[in-house]
Amino acid sequence: MSCDLADRPLKSLSTLIGGSDCSYFIPTLTPRLRVFSCRGCGFTSIQSWAFFGLHDIDTIHLEGNAIKGTQLPIYQPISLCLITKIILLDNQLAKIDKYSFAGLSNLKILGLENCGILHIDKMAFYGLNHVDRFVLSNNILTKIEPDAFQNVSQIDQMSFNHMEATELQPYSLRGIRDINLLSFTHSNIRKLKPYSFLGINNITTINFHSSQVSTISPRAFVGIGKVSVIKFKSTQISTLKCDALVGVDCVRSIHWDDSPIRCDCHMQWLIEMRANISADLTKGLACASPYTLSGQEIHELNRDSLQCNDEER
C-alpha cells in the first residue's frame, strides 16, 4: 500500500503523527503502508518522529521539496529497518550531519542528487552497507570531513559525478571499502591533494572520466588499498609530478587515454623509474605535445626525447 502526497502543501512532516494534514489516514494505513511519497510538497523539515510507527514502510520519495537538513528519523532502527529506498533529490540539505542515516540496515538505494550539499560531517553515513546505488552527484561538497564514510562498504555504485568542489581533500574518502564503482565523472575536481585516497580499500573501479583533474599531488595515492583500475581518461592532466605515483603498489591499472600530456623535461623521472613502474600504471599515457612526439607513449621514449627550453624549466 502507498501514500502519495505529491504537490500537497506541507511545512513539516511532523504532521504525519496526529497532525491535521495526515491524521485521517495514518491510524488505518500505518500497519500496511509500504511506500510514502511526497514530491514537491514544499515542506522544509522532517521532525525526529515523523515516520514513527510505519513499521512496514520500504520506500520514501521526498523529491523536489525545500528540506534544509538531514534530520531524518534517526535513532529509529526498529521503525525504519525495512526501508530499501530513500530519494531526496532536488532539496536544500546543505549539510549531512553525523549518523543521519543510522539504522537503515536494509537500504539499497540512496538518492541525494542535486541537494545543495556543501558539508558532510564525520560518520554521516556510518554503517551503510550492501547498498546497490549511492548517489551524491550534482552537489557542491566543499567540505567532506575525515571519516564521513567510515564503515561504508559493499556498495555497487557510489557516485560523485558533476561534483562542484575543485579539490579532493586529504582523508575525505577514508573508510570506503568493497565498492564496485566509485565515480567522479564530469566533476569539477582539479586537484587530488596528498592522501586523497588514504584508507579506501578493495575498489574495482575509480573513475574520473571527463573530470577537470589537472594536478595529482605527490602522495595523493599514499595509503590506498587494493584497486583494480583508476581511470583518468579525457581529464586535463598535462604533466605528472615526481612521486605522483607513490603508493600505487596495490593498484593494478591506471588509464590515461585522451589526456593532454605534455612530454617534456618534467616527465623525465618516469623514464628514469620505468623499471620500477608497471606498464599497466602508465597505460595510455601518450604525448599530446610537443608536436614531434604527439601520439607516442611515454614508455616508448628515452630520456633525451623529453626536453624543455630555458623558459619551461
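In this predicted model, Glu167 stands opposite Lys191, a residue of strand 13. Strand 11 and strand 13 (residues 191-192) run parallel and are joined by 2 bridges. They belong to an open sheet of 3 strands, whose order is 11-13-15 and whose pairing is parallel. Strand 11 (167-168) and strand 15 (215-216) stand at the edges of this sheet, and each has a single partner strand, so one side of each is left without a neighbour in the sheet.

**The protein as a whole**

The protein contains 3 helices and 19 strands, and of its 313 residues 48% count as buried. Among contacts between residues at least 6 apart in sequence, 67% join residues at least 24 apart. The protein exposes about 13700 Å², of which carbon and sulfur atoms supply 48%.

The average pLDDT of the protein is 82, and 81% of the residues score at least 70. Over residues 1-30 the pLDDT is below 50, although this stretch has 67 contacts in the model beyond near neighbours in sequence. Residues 73-78 also have a pLDDT below 50, and for this stretch the model holds 14 contacts beyond near neighbours in sequence. Where pLDDT is low, the predicted coordinates should not be read in detail.

**Cysteines**

A search of the whole structure finds 2 disulfides, which are set out below.

| Disulfide | Sulfur-sulfur distance | Angle about the S-S bond |
|---|---|---|
| Cys263 and Cys287 | 2.0 Å | -100 degrees |
| Cys265 and Cys308 | 2.0 Å | -95 degrees |

The link of Cys263 and Cys287 is left-handed. Because Cys263 lies in the loop between strand 18 (261-262) and helix 3 (268-272), while Cys287 lies in strand 19 (residues 287-289), the pair ties together parts that are 24 residues apart in sequence. Both Cys263 and Cys287 are buried.

The link of Cys265 and Cys308 is left-handed as well. This pair links distant parts of the chain, with Cys265 in the loop between strand 18 and helix 3 and Cys308 in the segment after strand 19, 43 residues apart. Cys265 and Cys308 are both buried.

Asn91 is found in the loop between strand 4 (85-87) and strand 5 (95-96). Its relative accessibility is 5%, so Asn91 counts as buried, the cut-off for that class being under 20% relative accessible area. The side chain of Asn91 reaches two backbone oxygens, that of Leu62 at 2.9 Å and that of Leu88 at 2.7 Å.

Leaving aside its neighbours within four places in sequence, Asn91 is in contact with Leu62, Glu63, Gly64, Asn65, Ala66 and Ile67, and also with Asn114, Cys115 and Gly116.

How values were computed:
Residues numbered from 1 in each chain as written. Predicted model: local features only at pLDDT ≥ 70, side-chain atom pairs only at ≥ 80, totals over all residues. Heavy atoms only, no water. Helix = DSSP H or I, 4+ residues; strand = E, 2+ residues; numbered from the N terminus. Buried < 20%, exposed > 50% of the residue type's maximum accessible area, 1.4 Å probe, protein only. Polar contact = N/O pair within 3.5 Å; in protein donor to acceptor, adjacent residues only side chain to side chain. Contact = heavy atoms within 4.5 Å. Disulfide = S-S within 2.5 Å. Pairing = 2+ DSSP bridges. pLDDT = per-residue confidence, 0-100. Areas by Shrake-Rupley, 256 points an atom, 1.4 Å probe, with all protein chains shown as cover.
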